[in-house]
Amino acid sequence: MMKMTPDGFWDYTRKWQKDFAGNRPVAWEKYWIENDFCKDCRFCCGPQDSDIPFPMPLLERQRREHLDRDFHLLDSLTPYLAAPGCKACGTEGCRLKLEEKPLACGFFPVVLANGGLYLYKNCPAVIFSPLIRFMELGLKVGEYLQTLDLDELRRLSLWLNCDTLSRSYIDLRISLFRDNAKEMALD
Ligand code: SF4
Ligand code: SF4
């Protein structure tokens with residue numbers, strides 16, 4: 001009999017099939033993805049099934065006092081998500097203003113990693129939406145990120161190994177920077 005891995009892609013797919021009837025609106029707003037799945041999901045804010053930290057860097061201009069009240073911190077400007085979930089996640093969802101959140105929160109399930117954009121596979125919005133919708137949203141995220149400095153892009157980019165990328169992400173083939181140059185390129 002076919003076995004599903006614990007906490008793996010198929011386990012989430014089966015869960016989302018029970019929780020969601022199917023397609024819902026997802027759309028680009030000024031600098032975030034408005035996602036109608038999130039209100040009934042909260043998967044990427046609440047307790048996680050992994051203790052491996054998922055960094056969500058803030059930009060220098062987002063530095064403020066008492067960040068530790070809102071986030072678990074890897075360093076003074078880098079919140080992370082791991083097993084306990086995000087401190088800013090309350091019963092009604094995220095209690096932070098948009099400008100206080102890590103930029104990564106507004107883009108998820110589009111993720112900046114290794115200088116390019118990827119799509120996180122386990123998100124129900126990804127599973128139930130046509131891929132072209134998130135490809136277009138990836139372009140919007142890319143256009144927005146190109147307004148940031150190269151140093152800020154470097155700060156925001158995760159560095160993920162090939163195994164993690166192939167297991168958990170879809171490559172959107174949108175490159176934002178390479179070496180010392182910022183350039184949005186599609187391949
Ligand atoms: S996993 Fe996807 S649908 Fe769920 S809260 Fe995160 S972005 Fe929204
Ligand atoms: S800052 Fe808000 S949106 Fe981001 S992970 Fe925490 S609760 Fe979720």
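Me: What radius of gyration does the protein chain have with its 187 residues?
Reply: First, this is a predicted model: local features need pLDDT of at least 70, side-chain atom pairs count only at pLDDT 80 or more, and totals for chains, interfaces and linings use all residues. Residues are numbered from 1 along each chain as its sequence is written, while chains are lettered from A and ligands numbered from 1 in the order in which they are written. The radius is taken over C-alpha atoms, and the globule rule is 2.2 Å times the number of residues to the power 0.38. For 187 residues a compact globule would come out near 16 Å, and the protein chain agrees with that, having 16 Å.

Me: Among contacts between residues at least 6 apart in sequence, what share joins residues at least 24 apart?
Reply: Two residues are in contact if their C-beta atoms, placed from the backbone, lie within 7 Å. Take the pairs at least 6 apart in sequence; the share that joins residues at least 24 apart is 67%.

Me: In what order do the four strands of the open sheet stand?
Reply: Strands pair if DSSP finds at least two bridges between them, and here the pairing is antiparallel. β8 (110-113) and β11 (181-186) are at the edges with a single partner strand each, so one side of each has no neighbour in the sheet. Neighbouring strands are turned by 35° against each other on average, direction ignored. The order is β8-β9-β10-β11.

Me: Which residue in β11 is the bridge partner of I174?
Reply: β10 (residues 169-178) and β11 run antiparallel and are joined by four bridges. In β11, I174 is partnered by L186.

Me: At what angle does helix α5 run to β10?
Reply: Axes are lines fitted to C-alpha atoms, for helices over the stretch in contact, with angles from 0 to 180 degrees between N-to-C directions. Helix α5 (residues 131-145) lies across β8, β9 (116-120), β10 and β11. Its angle to β10 is about 20°.

Me: Which residue in the turn between β8 and β9 has a positive phi?
Reply: β8 and β9 run antiparallel with four bridges between them, and V110 stands opposite L119 in β9. The two strands make a hairpin with two residues between them. The turn residue with a positive phi, about 50°, is N114.

Me: Is V111 buried or exposed, going by its C-beta neighbours?
Reply: V111 is part of strand β8, and away from its neighbours within four places in sequence it contacts A104, Y118, Y120, L158 and Y169. A residue is buried if 20 or more other C-beta atoms lie within 10 Å of its own, exposed if 12 or fewer, and partly exposed in between. V111 has 23 such neighbours, so it counts as buried.

Me: How does L98 count, with its 13 C-beta neighbours inside 10 Å?
Reply: L98 is in the loop between β7 (93-94) and α3 (103-107). Not counting residues up to four places away in sequence, L98 touches W32 and G106. Because L98 has 13 C-beta neighbours inside 10 Å, it counts as partly exposed.

Me: Which strand is the bridge partner of W28 in, and which residue is it?
Reply: β1 (residues 26-29) and β2 (residues 32-35) run antiparallel, joined by four bridges. They form a hairpin with two residues between them. W28 has its bridge partner in β2, namely I33.

Me: How many nonpolar residues are in the shell around ligand 1?
Reply: A residue is near a molecule if its C-beta atom, placed from the backbone, lies within 6 Å of it. Ligand 1 has N35, F37, C38, C41, R42, F43, C44, F108, P109, C123, P124 and A125 around it. Ala, Val, Leu, Ile, Met, Phe, Trp, Tyr, Cys and Pro count as nonpolar, Asp, Glu, Lys and Arg as charged, and the others, Gly among them, as polar. Besides one polar and one charged residue, the nonpolar ones number ten.

Me: And how many nonpolar residues does the shell around ligand 2 have?
Reply: Around ligand 2 we find C45, L81, C86, A88, C89, C94, L96, K101, P102 and C105. One residue is charged and no residue is polar, and the nonpolar count is nine.
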